[in-house]
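Have a look at the sequence and the fold first, then we'll go through a few spots in turn.

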Amino acid sequence: MKTLICNALIVSMNEQNDVIEKGSIVIDGNRLTYVGPSAWTPKGPFDRTIAADRMIALPGLINSHCHSPANLVRGMLASRPLEIWRAYYRAALRDMRDEDFYASALLGGLEMLKCGATTVLDHFFGNQAYRFMGAGAAIQAMRDLGLRHVVSLTLSDRNYEETIPLGETASNLNDEIKSMSQSETKATKAWLEDCEAFIDAFHAPDELTTPCPGPSAVQRCTDELLTGAAAIARNRKVPLHIHLAETKAQQIMGRQLYGHSLLQHLDSLGILGANLSLAHSIWIEAEDVEFLAKSGATAVHNPASNLRLGSGLAPVRQFLSAGVPVALGTDGAASNDGQNMFDAIRLVALIHNQAGSDFNQWVMLTEALAMATRNGACAFGLDAGVLAPGKLGRSRRSMT
Ligand SMILES: [Zn+2]
């Protein structure tokens, strides 16, 4: 199928941020074959022509971090610091079944598509009573929608109480902490086998699915699990995704567990690299920013969730100045109350404009748009995020 979109204002999001005022796009199969001035449009015939006068054409947005099971508890959890909020969220997951994971992914996916996102990274943790915690049902929902998805299976083999600085725990919390640990953790070897089986079962980029390992967070995994997950990602040539330094408590745990920062620990294990994306990356030591830039790993900024849970403000300007690639996400709907990527773009372009800072250092709109497009594609090795010949244009499934 060959489609022509003509006379649009094209915001290409290529490296030069080229804008074509009256441009055309030709899509042949699932690739773009022409992006340029309407006057030079290649000759047809076309199966479909879209007259896009007075419309803007942007690359499909890329939501680089979310949790699809959270859509069913959207708006239901009060704003609390992550360590408290998470107990309520994880309790909700324990009652969910395969059909709930399907419905939840469908709801979030519909909102993303409606708001311009065509690709999502789903850092999936569901219910351990189900195969792959229910991730297969979420994948089916996203395939049914025609939404491209990278699904990173969340792995964690450390008991919850070892991962946060609890101090003297009130005895009435012990039961809940114990059930959290039981529902979240599993033996290292079992997780790694599961992860391999998960990739075997679902790896099908042509069907829009890229499964990959997603260690929950540095401090929630043993070194064996972290290095095992990184080896799987390397051998399978798939992305590796992890939460990093989302809260001050996590920064403190890093120092307690390893004697240095969480990021330095990842480096000491040889895990930092261009296939790695780090959700949040808020509590980063100033001296770590340069070497994060050299590693080629991507920081994934989630402004709405960070504000909702009072996690802190990621050092986005320092990242951009040092050359750290920054992508953008909504995070789950339980800490955002939506999956709208334009909302994330708006927030990132606003919240870093702080009084007393040099306005030349504020986040520019083109930078915010790059985070939501080409930077996300780069983080996950996808040939997308830019309107240019040869790039992915639309999914095969959405054409049928
Ligand atoms: Zn998250």
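## A histidine in a strand

Let's start with His243, which sits in strand E10. Keep in mind that this is a predicted model. The relative accessibility of His243 is 9%, and the cut-off for buried is under 20%, so His243 counts as buried.

What does the side chain of His243 pair up with? There's a polar contact with the side chain of His65, at 3.1 Å. A polar atom of the His243 side chain also lies 2.8 Å from the backbone oxygen of Ser216.

## The zinc site

Which residues coordinate the zinc ion? They are His65, His67 and His243, each through NE2, plus Asp331 through OD, at 2.1 to 2.8 Å. Along the chain, these donors follow the spacing H-x1-H-x175-H-x87-D. His65 in strand E6 (residues 61-66) and His243 in strand E10 (residues 240-244) are 178 residues apart, so to speak a link between distant parts of the chain. Both His65 and His243 are buried.

How do the angles look? Among the four donor atoms they run from 82 to 174°, and the site is irregular. For reference, the ideal angle is 109.5 degrees for four tetrahedral donors.

## Helix H3

Is helix H3 enclosed or open? Nine of the 11 residues of H3 (residues 135-145) are buried, so the helix is largely enclosed by the rest of the structure. The buried ones include Ala135, Gly136, Ile139, Met142 and Leu145, and Arg143 is on the list too. Just after H3 comes Gly146, with a positive phi of about 80°.

## The nonpolar cores

The largest nonpolar core has 95 residues, and Leu244, Leu266, Leu276 and Leu278 touch the most other members. H3 turns up again here: it gives the most to this core, with seven residues. The core draws at least three residues from each of domain 1 (2-58 + 390-399) and domain 2 (61-379).

Zooming in on Leu276, its contacts are Leu240, Ile242, Leu266, Ile271, Ala297 and Thr298, again not counting residues up to four places away in sequence.

Definitions and conventions: Residues are numbered from 1 along each chain as its sequence is written. This is a predicted model: local features need pLDDT of at least 70, side-chain atom pairs count only at pLDDT 80 or more; totals for chains, interfaces and linings use all residues. Side-chain values use heavy atoms; hydrogens and water are left out. Buried means under 20% relative accessible area, exposed over 50%, partly exposed in between (1.4 Å probe, protein chains only). Helices (H or I, at least four residues) and strands (E, at least two) are DSSP runs, numbered from the N terminus. Donors are N, O and S atoms within 2.8 Å of the metal (3.2 Å for Na, K and Ca); water is not among the atoms, so sites may look incomplete. Four donors count as tetrahedral if all angles lie between 85 and 135 degrees; four count as square planar and six as octahedral if opposite donors are over 155 degrees apart and all others between 65 and 115; anything else is irregular. A polar contact is a pair of N or O atoms within 3.5 Å; within protein, one must be able to donate a hydrogen and the other to accept it, and residues adjacent in sequence count only if both atoms are side-chain atoms. A nonpolar core is a set of buried Ala, Val, Leu, Ile, Met, Phe, Trp, Tyr and Cys residues joined through side-chain atoms within 4.5 Å. Domain bounds come from an automatic or database domain assignment. Contact means heavy atoms within 4.5 Å.
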